[in-house]
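Student: I've just opened this one and I'm new to it. Could you walk me through it with some questions and answers?

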Amino acid sequence: MESVHEVFMRRALEWAERAGRAGEVPVGAVVVRDGEVLAEGANQPIGRHDPTAHAEIVALRAAARRVANYRLTGATLYVTIEPCTMCAGALIHARIDTLVFGAREPRAGAVVSTASVMGNVGLNHRITIVEGVLADQCGQLLRTFFRTRRDPGPLG
């Protein structure tokens with residue numbers, strides 16, 4: 001039987017797959033509070049011509065609009081890949097209670113990989129971090145996406 005974290009991470013994976021089909025880096029995010037999905041998002045920086053349109057930001061903005069408050073206390077954000085510095089900062093400002101992510105991002109991950117943005121003792125908000133939920137599936141989606149983009153194929 002799947003855990004609650006796995007159920008919502010599968011939903012984030014669906015959004016990541018949508019992003020990949022649109023030519024975006026396949027990352028998906030879901031904001032949940034009290035078992036209810038408040039918002040979902042997929043990476044869209046290429047299509048929106050917006051460097052801030054990461055899946056996490058897209059989902060946070062939609063959730064904040066839905067509840068008419070930029071503070072999302074009591075909410076959990078599920079994301080397929082470890083957030084970058086920008087997204088980690090946004091999670092803190094939004095007062096997200098829990099971050100659940102799938103795969104680590106060894107180049108730009110700012111939660112445990114290259115930095116510990118959320119561990120900064122000067123911050124006035126703490127986020128519970130759960131990592132590794134469906135990590136294999138999340139990581140494989142990214143690896144396949146980038147492998148396909150690098151491989152010119154038989155005519156290449």
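What follows is a chat about charges, cysteines, loops and distances.

Tutor: Before we start, this is a predicted model, where local features need pLDDT of at least 70 and side-chain atom pairs count only at pLDDT 80 or more, while totals for chains, interfaces and linings use all residues. Residues are numbered from 1 along each chain as its sequence is written, and side-chain values use heavy atoms, with hydrogens and water left out.

Student: How many salt bridges does the structure hold?

Tutor: Side chains of opposite charge can pair when their charged atoms come close. To count here, a side-chain nitrogen of Lys or Arg must be within 4 Å of a carboxyl oxygen of Asp or Glu. By that rule, the number of salt bridges is 5.

Student: Which parts of the chain does the pair Glu40 and Arg11 tie together?

Tutor: The two side chains meet in a salt bridge, 2.2 Å from N to O. Helices here are DSSP runs (H or I, at least four residues), strands are runs of E with at least two, and both are numbered from the N terminus. Glu40 lies in strand E2 (residues 36-42) and Arg11 in helix H1, so the pair ties together parts 29 residues apart in sequence: E2 and H1.

Student: Is Arg11 buried or exposed, or something in between?

Tutor: Buried means under 20% relative accessible area, exposed means over 50%, and partly exposed is in between (1.4 Å probe, protein chains only). Arg11 has 33% relative accessibility, so the word for Arg11 is partly exposed.

Student: What is the N to O distance between Arg61 and Asp50?

Tutor: Arg61 lies in helix H3 and Asp50 in the loop between H2 and H3, so this pair ties together parts 11 residues apart in sequence. Arg61 is partly exposed at 37% relative accessibility. Their side chains meet in a salt bridge, and the N to O distance is 3.9 Å.

Student: Which residue forms a salt bridge with Arg104?

Tutor: Arg104 is in the loop between strand E4 (98-103) and strand E5 (128-131), and the pair links distant parts of the chain, 27 residues apart. Arg104 is partly exposed, with a relative accessible area of 46%. The closest N and O atoms are 2.7 Å apart, and the partner is Glu131.

Student: Which residues form the positive surface patch?

Tutor: Patch residues have over 30% relative accessible area and no salt bridge; like charges are joined within 9 Å, and nonpolar side chains (Val, Leu, Ile, Met, Phe, Trp, Tyr) within 5 Å. Lys and Arg count as positive and Asp and Glu as negative, with His and the chain ends not counted. The place of a charge is NZ of Lys, CZ of Arg, CG of Asp or CD of Glu. The patch is made by Arg107, Arg143, Arg147 and Arg150.

Student: Where is Arg147 found?

Tutor: Arg147 is partly exposed, at a relative accessible area of 45%. Its place in the chain is helix H5 (residues 135-150).

Student: How many disulfides does the structure hold?

Tutor: A disulfide is a covalent bond between the sulfur atoms of two cysteines. Here, the two sulfur atoms have to be within 2.5 Å. The count is 0.

Student: How far from Cys87 is the nearest cysteine sulfur?

Tutor: Cys87 counts as buried, at 0% relative accessibility. Cys87 is in no disulfide, and the nearest cysteine sulfur, in Cys84, is at a distance of 3.7 Å.

Student: Why is Cys138 too far for a bond?

Tutor: Cys138 is buried, with a relative accessible area of 2%. The closest cysteine sulfur belongs to Cys87, and it is too far for a bond because the distance is 15 Å.

Student: What is phi of His49?

Tutor: His49 lies in the loop between helix H2 (45-48) and helix H3 (55-67). His49 is exposed, with a relative accessible area of 72%. His49 is not a glycine, yet its phi is positive, at about 55 degrees.

Student: Where is Ala68 found?

Tutor: Ala68 is not a glycine either, and its phi is a positive value near 55 degrees. At 70% relative accessibility, Ala68 counts as exposed. Its place is the loop between H3 and strand E3 (75-81).

Methods
Areas by Shrake-Rupley, 256 points an atom, 1.4 Å probe, with all protein chains shown as cover.
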